[in-house]
Amino acid sequence: MKTTILTLAAALIGGAAWAGETAPGDVVYADGAVEASLTGTPGDAANGAMVVGSKKHGNCVACHQVSALADVPFHGEIGPSLDGAGSRWTEAELRGLVANAKLTFEGSMMPSFYRVDGYVRPGNAYTGKAPDGPLTPLLSAQEIEDVVAFLATLKDE
(Lines give C-alpha, C1' and ligand atoms only; values in the text may rest on other atoms or scores of the structure.)
Protein backbone atom coordinates (compact mmCIF):
# COMPACT_ATOMS: atom_id res chain seq x y z
CA MET A 1 0.00 0.00 0.00
CA LYS A 2 2.81 2.41 0.96
CA THR A 3 4.61 1.66 -2.32
CA THR A 4 1.43 2.30 -4.31
CA ILE A 5 0.90 5.67 -2.63
CA LEU A 6 4.53 6.68 -3.21
CA THR A 7 4.35 5.61 -6.85
CA LEU A 8 1.12 7.54 -7.36
CA ALA A 9 2.57 10.63 -5.67
CA ALA A 10 5.73 10.45 -7.81
CA ALA A 11 3.64 10.08 -10.97
CA LEU A 12 1.48 13.06 -10.08
CA ILE A 13 4.48 15.24 -9.23
CA GLY A 14 6.32 14.19 -12.40
CA GLY A 15 3.17 14.68 -14.50
CA ALA A 16 2.60 18.13 -13.03
CA ALA A 17 6.17 19.15 -13.85
CA TRP A 18 5.87 17.81 -17.38
CA ALA A 19 2.43 19.39 -17.86
CA GLY A 20 4.02 22.81 -17.29
CA GLU A 21 5.96 22.57 -20.54
CA THR A 22 4.34 24.08 -23.63
CA ALA A 23 4.51 21.78 -26.65
CA PRO A 24 5.87 23.34 -29.87
CA GLY A 25 2.44 23.26 -31.53
CA ASP A 26 0.82 25.00 -28.56
CA VAL A 27 3.11 28.05 -28.41
CA VAL A 28 1.12 31.29 -28.71
CA TYR A 29 2.86 33.98 -30.78
CA ALA A 30 1.75 37.62 -30.74
CA ASP A 31 3.54 39.59 -33.47
CA GLY A 32 6.35 37.04 -33.23
CA ALA A 33 6.73 37.38 -29.44
CA VAL A 34 5.95 34.65 -26.91
CA GLU A 35 4.84 36.16 -23.59
CA ALA A 36 4.50 32.96 -21.58
CA SER A 37 7.48 30.90 -20.51
CA LEU A 38 7.63 27.58 -22.32
CA THR A 39 8.38 25.77 -19.06
CA GLY A 40 7.13 27.92 -16.20
CA THR A 41 10.69 27.72 -14.89
CA PRO A 42 13.17 30.60 -15.11
CA GLY A 43 15.98 30.10 -17.58
CA ASP A 44 19.57 29.49 -16.50
CA ALA A 45 21.78 32.11 -18.21
CA ALA A 46 24.95 30.03 -17.72
CA ASN A 47 23.39 27.03 -19.45
CA GLY A 48 22.03 29.38 -22.12
CA ALA A 49 25.57 30.62 -22.84
CA MET A 50 26.65 26.99 -23.26
CA VAL A 51 23.76 26.34 -25.70
CA VAL A 52 24.58 29.49 -27.70
CA GLY A 53 28.27 28.57 -27.98
CA SER A 54 28.04 24.79 -28.37
CA LYS A 55 28.19 23.15 -31.79
CA LYS A 56 26.19 20.23 -30.34
CA HIS A 57 23.32 22.46 -29.18
CA GLY A 58 22.20 25.84 -30.55
CA ASN A 59 25.51 26.84 -32.17
CA CYS A 60 24.26 30.42 -32.43
CA VAL A 61 27.84 31.67 -32.79
CA ALA A 62 28.03 30.01 -36.21
CA CYS A 63 25.96 32.94 -37.51
CA HIS A 64 26.15 35.60 -34.75
CA GLN A 65 28.96 37.41 -32.98
CA VAL A 66 28.73 37.39 -29.19
CA SER A 67 31.47 39.32 -27.38
CA ALA A 68 30.55 37.65 -24.07
CA LEU A 69 31.61 34.34 -25.65
CA ALA A 70 34.91 35.55 -27.11
CA ASP A 71 36.59 32.30 -26.03
CA VAL A 72 34.34 30.31 -28.41
CA PRO A 73 36.01 30.19 -31.87
CA PHE A 74 34.55 30.97 -35.28
CA HIS A 75 31.80 33.53 -34.75
CA GLY A 76 29.77 34.13 -37.88
CA GLU A 77 28.58 37.28 -39.58
CA ILE A 78 25.39 36.11 -41.31
CA GLY A 79 23.11 37.20 -38.46
CA PRO A 80 23.28 40.40 -36.43
CA SER A 81 25.61 40.66 -33.47
CA LEU A 82 23.89 39.51 -30.30
CA ASP A 83 25.73 42.12 -28.22
CA GLY A 84 23.03 44.31 -26.68
CA ALA A 85 20.23 41.82 -27.52
CA GLY A 86 18.83 42.22 -24.01
CA SER A 87 18.50 45.96 -24.61
CA ARG A 88 17.00 45.67 -28.11
CA TRP A 89 14.33 43.05 -27.41
CA THR A 90 12.10 42.08 -24.49
CA GLU A 91 12.24 38.56 -23.08
CA ALA A 92 8.99 37.77 -24.91
CA GLU A 93 10.48 38.96 -28.20
CA LEU A 94 13.70 37.02 -27.56
CA ARG A 95 11.68 33.88 -26.78
CA GLY A 96 9.77 34.27 -30.06
CA LEU A 97 12.95 34.89 -32.04
CA VAL A 98 14.70 31.82 -30.66
CA ALA A 99 11.62 29.60 -30.99
CA ASN A 100 10.78 30.70 -34.56
CA ALA A 101 12.49 33.80 -35.96
CA LYS A 102 10.69 33.37 -39.29
CA LEU A 103 7.52 34.79 -37.75
CA THR A 104 9.32 38.09 -37.11
CA PHE A 105 11.87 38.11 -39.93
CA GLU A 106 10.32 36.50 -42.99
CA GLY A 107 12.97 34.79 -45.08
CA SER A 108 15.40 34.56 -42.17
CA MET A 109 18.04 31.84 -42.45
CA MET A 110 17.82 31.30 -38.69
CA PRO A 111 16.53 27.84 -37.78
CA SER A 112 13.20 27.55 -36.01
CA PHE A 113 14.54 25.99 -32.82
CA TYR A 114 11.13 25.11 -31.34
CA ARG A 115 9.09 24.00 -34.31
CA VAL A 116 8.21 20.47 -35.36
CA ASP A 117 5.91 20.76 -38.37
CA GLY A 118 5.62 22.39 -41.76
CA TYR A 119 8.99 21.17 -43.00
CA VAL A 120 9.68 19.78 -46.46
CA ARG A 121 11.56 16.48 -46.19
CA PRO A 122 13.30 15.84 -49.50
CA GLY A 123 15.92 13.59 -47.86
CA ASN A 124 14.54 10.30 -49.14
CA ALA A 125 15.05 11.41 -52.73
CA TYR A 126 18.69 12.23 -52.00
CA THR A 127 19.89 10.00 -49.17
CA GLY A 128 17.03 7.64 -48.41
CA LYS A 129 17.50 8.57 -44.75
CA ALA A 130 14.81 11.18 -44.07
CA PRO A 131 12.98 10.53 -40.81
CA ASP A 132 9.44 9.25 -41.22
CA GLY A 133 7.95 9.94 -37.80
CA PRO A 134 7.32 13.17 -35.97
CA LEU A 135 10.25 15.52 -35.64
CA THR A 136 11.54 16.82 -32.34
CA PRO A 137 12.46 20.48 -31.82
CA LEU A 138 16.11 21.43 -32.25
CA LEU A 139 16.16 22.76 -28.67
CA SER A 140 14.07 21.73 -25.68
CA ALA A 141 11.68 24.17 -24.05
CA GLN A 142 14.11 24.59 -21.13
CA GLU A 143 17.02 25.22 -23.49
CA ILE A 144 14.94 27.95 -25.18
CA GLU A 145 14.32 29.52 -21.75
CA ASP A 146 18.03 29.24 -20.90
CA VAL A 147 19.05 30.95 -24.16
CA VAL A 148 16.50 33.72 -23.52
CA ALA A 149 17.92 34.19 -19.99
CA PHE A 150 21.44 34.48 -21.44
CA LEU A 151 20.46 36.85 -24.24
CA ALA A 152 18.60 39.05 -21.74
CA THR A 153 21.92 39.59 -19.91
CA LEU A 154 23.52 41.04 -23.06
CA LYS A 155 22.78 44.71 -22.42
CA ASP A 156 24.17 47.84 -24.06
CA GLU A 157 26.52 49.65 -21.75
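Tutor: Buried means under 20% relative accessible area, exposed over 50% and partly exposed in between, with a 1.4 Å probe and protein chains only. This is a predicted model, where local features need pLDDT of at least 70, side-chain atom pairs count only at pLDDT 80 or more, and totals for chains, interfaces and linings use all residues. Residues are numbered from 1 along each chain as its sequence is written, and side-chain values use heavy atoms, with hydrogens and water left out.

Student: Is C60 buried or exposed?

Tutor: C60 counts as buried, because its relative accessibility is 14%.

Student: And how many disulfides are there?

Tutor: The structure has 0 disulfides (pairs of cysteine sulfur atoms within 2.5 Å). For C60, the closest cysteine sulfur is in C63, at 8.6 Å, which is too far for a bond.

Student: What about C63, buried or partly exposed?

Tutor: C63 is partly exposed, at 29% relative accessible area.

Student: New topic. Where is D146?

Tutor: D146 sits in helix α6, residues 141–153. Helices here are DSSP runs of H or I with at least four residues, numbered from the N terminus.

Student: Which residues does D146 touch?

Tutor: Apart from neighbours within four places in sequence, D146 is in contact (heavy atoms within 4.5 Å) with G43, D44, A45, N47 and G48. A polar atom of the D146 side chain lies 2.8 Å from the backbone nitrogen of D44.

Conventions. Helix = DSSP H or I, 4+ residues; strand = E, 2+ residues; numbered from the N terminus. Polar contact = N/O pair within 3.5 Å; in protein donor to acceptor, adjacent residues only side chain to side chain.
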